[in-house]
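Trainee: I have a model open and want to learn how to read it. Can you take me through it feature by feature?

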Amino acid sequence: MTKTANEVKAPRLLDSINSPADLRKLPVTDLPQVCREIREFLIEACSGNPGHFASSMGAVELTVALHYVFDTPHDRLVWDVGHQAYGHKLLTGRRDRFSTNRTLGGLSGFPNPDESEYDTFTAGHASNSISAALGMAVATRLADEKRNVVAIIGDASVSGGLAFEGINNAANTPNNLLIVLNDNDMSIDRNVGSLNSYLAHLTTSPGYNRWRYRLYKGLHKLHLVSERGRGAIMRFNNSLKSLIVREQNIFEGLNIRYFGPFDGHDVIKIVRVLTDIRDMDGPRILHLRTIKGKGYAPAEADPAKWHAPGKFDPSTGRRACDKPASAPHPPKFQDVFGETLLELAKANPKIVGITAAMPSGTSMSIMQAAMPDRVFDVGISEGHAVTFAGGLAKEGMIPFTAIYSSFLQRGYDHIIHDVAIQRLPVVFCIDRAGLVGEDGMTHHGALDMAYLRSIPNIIVSAPADEAAMRDLMYTASLGKHGPFAIRYPRGGGRMIDWRTPMNEVEIGKGRRLRDGNQVAVLSIGTVGPDVADAVAKAVAEGVDAAHYDMVFLKPIDENILQEVAAKGCPIVTVEDGSVNGGLGGAVAEWMTANGHSPRITRLGIPDKFVTQGTPAQLRHLCGFDTDAIVKAILNAKE
């Protein structure tokens, strides 16, 4: 039976776009349809293979317009964060592979220069796009090349300190950088801070802005205004605006041309504006107002929940995680942290909470809901979060500062200079420590133990389970030990009844879990239960293996190390962190310094950036899943 004309499905324009060059062959009037098809594709694809959904849905029109106007990849698009870039991947030859997004051996969930020439710079963390793009723009100028460079910054990344530094430098360095500000009034949770309030109310007088923009175009066509003397023209424009509307925005105050705000979902208008400002000399900012989750009603209604929603039913919007659990299950470590912090804060009025734009991601939101005056979300400003915590601690407060491991790297100097030197009782609650899974190399918390262990005056700990985590939090809350780091992983543990009584623990004291004389296995953190399983299997294979949970990396339990050294047996260390500078390195250093030379096998994250995949796949890839630990124990005995 042949299909009628109404039954024949029209081909998608998206299916004919294998590169931006194909997109540029279309008439501009077809672009709204391309945008609709991209959203339909993302809804279908992300419902079964989860990813960062709402941000990319909100950035569809600006993505299409950028690739339509600019000659990519010759012209450079530098994305910030990368949460916005799924549409970019679809338009740059990766549509047919998008089903592998965030999987082992598949596409990265973020722009990755190793993956595509269209991905000009790594974009896993926030606020680096302006600085990187400015470097590219200056390099282009120095090489006397003709190339446009565009930084696309959004999801509140402009609130990060590095973005401010980049904007300030762009205003004072000869360049032709275009900054596109994707202003969706959101990061992951709703934006905070005076800059966000400023952007939310920034209109720059739309009538005046349109008039000035049309005046500029008219004078330029009449050759009465050129791109020369930009500084003088900008000062005249800014003075004129200040006189007429009695206001001046922050960008114009820096003598950076400002255009907007415009509707970020009017793709034809964005194309027209980009075409008009594309070849201007000097730095300029295009301000687009967008809606995070645009085109999918559930995501528009609750963009924070739909930032990374997991699997969902595209027809109903019901997320898999919304379904009630069929049986009791262990909570996420972040929720154990959040509930325990509230419990401690109720008993101790000196306790305050700090997060850097991640109240829900760290479960700081639990205390925030109950005690809003004692929780501070500082936005995407990890360095500031650390120094702010130092100031609070200096005046007698006990700040619990919850930041993802890979994000805390940006606050490293602040930890040293503003906390550790003064021995201030700041508690660093390091979420997403270890291999985080599908977010990949930019998000793995591989380095925190190594980079913290080198800092004097700081305590570095990692609980094996939820009960140990509560004890460490209680001990840190006493405020008598100076800087105190507690690292824990993404996801859940193993304890259903985790609300255990909290006790003070001895600093630098580990635990012997099993005695043995043929092999000594030393572990730290939540890899401990896997190690216990591996030790049990090795014992069943005839190996008399000891197992120690070290609890503290710094100060390390020297009594345990002396006990192990006295056995004279091989040692296996296991950690969900870098083998360089972590537990294995600390054990090896101590043994050498104290005249011992046991054979040490170090298992953990190797000296390389690890790709994306499930945590189980990555532990196998890195060689410290249960089977690998058993093998290491058996080999150590031989």
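Trainee: What pLDDT does the protein chain average?

Mentor: pLDDT is the predictor's confidence in each residue, from 0 to 100. Here the protein chain averages 89, and 88% of the residues score at least 70.

Trainee: Where does pLDDT stay under 50?

Mentor: Where pLDDT is low, the predicted coordinates should not be read in detail. One such stretch is residues 198-205, with 26 contacts in the model beyond four places in sequence. Contact means heavy atoms within 4.5 Å. Residues 228-236 are also below 50, with 14 contacts beyond near neighbours in sequence.

Trainee: How many helices and strands are in the protein chain?

Mentor: Helices (H or I, at least four residues) and strands (E, at least two) are DSSP runs, numbered from the N terminus. The protein chain has 26 helices and 17 strands. Of contacts between residues at least 6 apart in sequence, 77% join residues at least 24 apart.

Trainee: At what angle do helix 17 and helix 19 pack?

Mentor: Two packed helices are described by the angle between their axes and the distance between the axes. Axes are lines fitted to C-alpha atoms, for helices over the stretch in contact, and angles run from 0 to 180 degrees between N-to-C directions. Helix 17 (residues 382-394) and helix 19 (residues 412-420) pack at about 10°, with axes 9 Å apart. So helix 17 is roughly parallel to helix 19 (angles under 35 degrees count as such). Gly383, Val386, Thr387 and Gly390 in helix 17 meet His414, Ile415, Asp418 and Val419 in helix 19.

Trainee: Is Asp530 buried or exposed?

Mentor: Buried means under 20% relative accessible area, exposed over 50%, partly exposed in between (1.4 Å probe, protein chains only). Asp530 counts as buried because its relative accessibility is 18%. Asp530 sits in helix 22 (residues 528-540). Beyond its neighbours within four places in sequence, Asp530 contacts Arg494, Arg619 and Thr626.

Trainee: Where does Asp30 lie?

Mentor: Asp30 is in the loop between helix 1 (20-23) and helix 2 (31-48). At 22% relative accessibility, Asp30 counts as partly exposed. Asp30 and Ile268 are 238 residues apart in sequence, yet 9.4 Å apart in space, C-alpha to C-alpha.

Definitions and conventions
Residues are numbered from 1 along each chain as its sequence is written. This is a predicted model: local features need pLDDT of at least 70, side-chain atom pairs count only at pLDDT 80 or more; totals for chains, interfaces and linings use all residues. Side-chain values use heavy atoms; hydrogens and water are left out. Angles under 35 degrees count as roughly parallel, over 145 as roughly antiparallel, 65 to 115 as roughly perpendicular and the rest as oblique.
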